[in-house]
Amino acid sequence: MKRTMMSLIGVAVALGAVTGVAAVAAPDGDGHDAPRGSSRLPVQRSALLCPAPTSSEVGETAYTAFAPKGAAAWADGKKGTAELRPAGTVRDAGDGAGGKGGKKGKDKGEGAAAGQTVAPRDSKPVVPLQEAGKPVTATTDKPDAPALVGAADGIFAPGWTVQQTTSVAAGAGRGLLGLSCTTPDTTFWFPGVSTATDRHDYVHLTNPDAVPAVVDLELHGKDGSLAGPSGEDISVPPHTTVPVLLSTLTARPTTNASLHVVAREGRVGAAVQASDGTLGSDWLPPAADPAPGVVLPGIPKDATSVRLVALAPGESDADLKVQLATPTGLITPAGLETLHLKSGMTTAVDLKDLTKGEAGSLVLTPSDGDSRAPVTAALRVTRGKGAKQEMAFIPATRPVEKRATAADNRDRGSTLSLVAPEKGKDAKVKVTASAGSGGGTPVTKTYTVKGGTSLDVEPPRPQGLKGTYALTVEPEPGSGPVYAARMLARPQGGVPAFTVQPLPDDRGSVLVPAAGQDLSVLTN
């Protein structure tokens, strides 16, 4: 490896560029994971992208923005800004590469030809933050509501979070769709997508930058690669979103598949909107980067069916031990002690009513402790029965190292899931309910999760709550590893509508080496 020496001033300049790409995390890390002589400082800039919410005439979307307090001491008196603005849309982006094809239905371009970019109708900022620690909300019921792109800096950058929650009362896309708006990157994994005739899955590709991005879409089914050349060289113009219908990428309808999004030029945000004729619709967020073991937190206790979709994307097969972390400990699902994943091939397993009335989290670890074969996975979870069923997705997620945030909590309907997957390593977690968007006093509560167990709680609420509020989850010093998810439940006419958002670490801090330090110690 080439070792590069750089002064602290040079590092600061480099980090200023990097943190414009990074997701957001805690400003007050204890530094236990920092190389000697380095410091952990909050990011100075962060970016987020929210896909176009719905084309339904009966849909309503709420946006909630929030930034935790705590970075003022590092902002040199600069308050900063945090806001999103409408993006353009490439019309009909699903029929193939180069931005051709796309979302069928309502003509959002008012006569624009296929493949043309439709500019946003206005450029007014959406949910601009005025102060850290207090959420800001906005709603829209427009069927042509655009994607949003934006950035935060100053005191708002570390931990900036925007939740997009859409309620669709009827029709093919009915349900509760929730998404924590995504950070731009160059690669994403989506196990759990489908190109079957009863599913309509669109991947929304959004470019936050002033230069075009070029993206390849790779689909993997049970026998390997599915996508043809139509998934290659998809152009995403600057400040624009491109929705691509996944079934147009392959001639083979496939119920359980995995999608790999790769930006060969530039960077994008990516999320999959999945719609099922029977089970409603929801967003499938990207899974954590492939790793030898993964955790999928937040399976509700009343789940009527659970389907695991997993892939070993590397060159080696993977053998996994399958365990469910319950409130009392780790158990092995009947008939599924281990799971074999063939390299490059998607495997799906129906776990049925896995939780049997107790909330839990799925923990996948290598059967051979020395195996390093990476895997990625997601769950499709269903609540309800018969004609009143609703689905949501739980992808593998990163642990909460410093802090994670969930916005858009109401007076009722939120469930916080915490899991400490390693036996003997208890997790102690501080959970703070922020002030409400319309008023209220923050409340903090501490939870202890025994190693090898999962804990579902009704989270604390601010005193005198008015409006919506945010939750921040922060492991205490010395805590064991902890993973988190938040479920929103908002019934719709007898349908148990719900959505689950994983709460990965918000990566709002970076390690800054001391002057003259060898940077290779930070990038092994």
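**Figure 1. The second largest cavity in this predicted model has a volume of about 40 Å³.** Let's start inside the protein and look at what surrounds this space. Its lining is made up of Leu49, Cys50, Pro51, Leu179, Thr182, His204, Thr206, Gly269, Ala270 and Ala271. Sorted by class, 6 of the lining residues are nonpolar and 4 are polar, with no charged residues.

**Figure 2. Strands E2, E12 and E18 each bring at least two residues to the lining of the second largest cavity.** You can find strand E2 at 45-50, strand E12 at 199-207 and strand E18 at 269-276. Which element gives the most to this lining? That is E18, with 3 residues.

**Figure 3. The largest cavity has a volume of about 50 Å³.** Around this cavity you will meet Gly192, Val193, Arg199, Thr255, Asn256, Arg307, Val309, Leu379, Arg380 and Phe393. Two or more lining residues come from each of strand E11 (187-193), strand E21 (303-311) and strand E27 (376-385).

**Figure 4. The lining of the largest cavity holds nonpolar, polar and charged residues.** How many belong to each class?

**Figure 5. The whole structure contains 2 cavities of 30 Å³ or more.** The largest cavity, at about 50 Å³, has Arg307 and Phe393 among its lining residues.

Conventions. Residues are numbered from 1 along each chain as its sequence is written. This is a predicted model: local features need pLDDT of at least 70, side-chain atom pairs count only at pLDDT 80 or more; totals for chains, interfaces and linings use all residues. Side-chain values use heavy atoms; hydrogens and water are left out. On a 1 Å grid over the protein atoms alone, a cavity is a set of points where a 1.4 Å probe fits but cannot get out, and a pocket is an open set with protein on both sides within 12 Å along at least five of seven lines; lining residues have an atom within 4 Å of a point. Grid points are joined across faces, edges and corners, and a volume is the space filled by probe spheres set on the points. Helices (H or I, at least four residues) and strands (E, at least two) are DSSP runs, numbered from the N terminus. Ala, Val, Leu, Ile, Met, Phe, Trp, Tyr, Cys and Pro count as nonpolar, Asp, Glu, Lys and Arg as charged, and the others, Gly among them, as polar.
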